[in-house]
Amino acid sequence: MMRLSRRTLLVGGGAVVAVTGLVGGVLAKNIDPAEALIRAVLRDRFPEIQVTEEDLSRFASDYLTHKVAPEEVWLLRLAGSMPGVSLSHQLRDRLPGGVRDKLAAFENSVMNMFLLSTDFFLRGPESGPVVSYVAYADPLVNPCMNPLARFDA
């Protein structure tokens with residue numbers, strides 16, 4: 001007869017919750033959990049910026065296509081399937097240092113690429129908090145997309 005230790009029970013329970021969240025989130029919203037994680041990061045880090053759901057979806061899709069290695073997408077899907085994984089500072093503080101650093105680097109990358117890929121820097125302050133997704137701001141994808149470049153020097 002197999003003895004159940006606390007560790008086995010916690011690991012098994014965590015796996016069940018992760019798989020249930022992944023399947024339930026995909027079926028309920030029909031949104032990729034990795035895309036949901038990107039949306040959550042942007043909504044949490046830029047609460048004053050207004051952007052349409054369509055623009056968020058286009059950006060998240062482009063980010064996953066061009067920035068995230070295919071072998072790392074599963075990790076983002078797993079993290080995105082757990083509610084509040086990127087937003088909970090209490091949970092983040094309990095993660096191992098390497099995982100916590102990877103999550104912070106991912107969030108910084110998402111925020112930087114989002115600002116560069118929208119008209120955030122092209123608008124004047126009188127335009128209000130609404131931004132639009134223009135194009136993915138990677139020189140290998142869109143060579144002419146650099147909102148910070150000024151050619152009228």
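## The largest pocket

By class, 15 nonpolar, 1 polar and 3 charged residues make up the lining of the largest pocket. (Nonpolar covers Ala, Val, Leu, Ile, Met, Phe, Trp, Tyr, Cys and Pro; charged covers Asp, Glu, Lys and Arg; the others, Gly among them, are polar.) This is a predicted model, where local features need pLDDT of at least 70 and side-chain atom pairs count only at pLDDT 80 or more, while totals for chains, interfaces and linings use all residues. Residues are numbered from 1 along each chain as its sequence is written, and side-chain values use heavy atoms, leaving out hydrogens and water.

The pocket's volume is about 510 Å³. Of its 19 lining residues, Leu75, Leu76, Lys102, Leu103 and Phe106 are the closest to its centre. Which helix gives the largest share of the lining? That's H6, with 6 residues.

## Phe106 and its contacts

Setting aside neighbours within four places in sequence, Phe106 has contacts (heavy atoms within 4.5 Å) with Leu37, Ile38, Val41, Tyr63 and Leu76.

## The nonpolar core

Phe106 turns up again in the largest nonpolar core, which has 30 residues. Such a core is a set of buried Ala, Val, Leu, Ile, Met, Phe, Trp, Tyr and Cys residues joined through side-chain atoms within 4.5 Å, and buried means under 20% relative accessible area with a 1.4 Å probe, protein chains only. Among the residues with the most contacts inside this core are Ile38, Tyr63 and Phe106. H6 gives the most to the core, 7 residues.

Definitions and conventions: 1 Å grid on protein atoms, 1.4 Å probe; cavity = no way out; pocket = protein on both sides within 12 Å on 5 of 7 lines; lining within 4 Å. Points joined across faces, edges and corners; volume = space filled by probe spheres on them. Helix = DSSP H or I, 4+ residues; strand = E, 2+ residues; numbered from the N terminus. Buried < 20%, exposed > 50% of the residue type's maximum accessible area, 1.4 Å probe, protein only.
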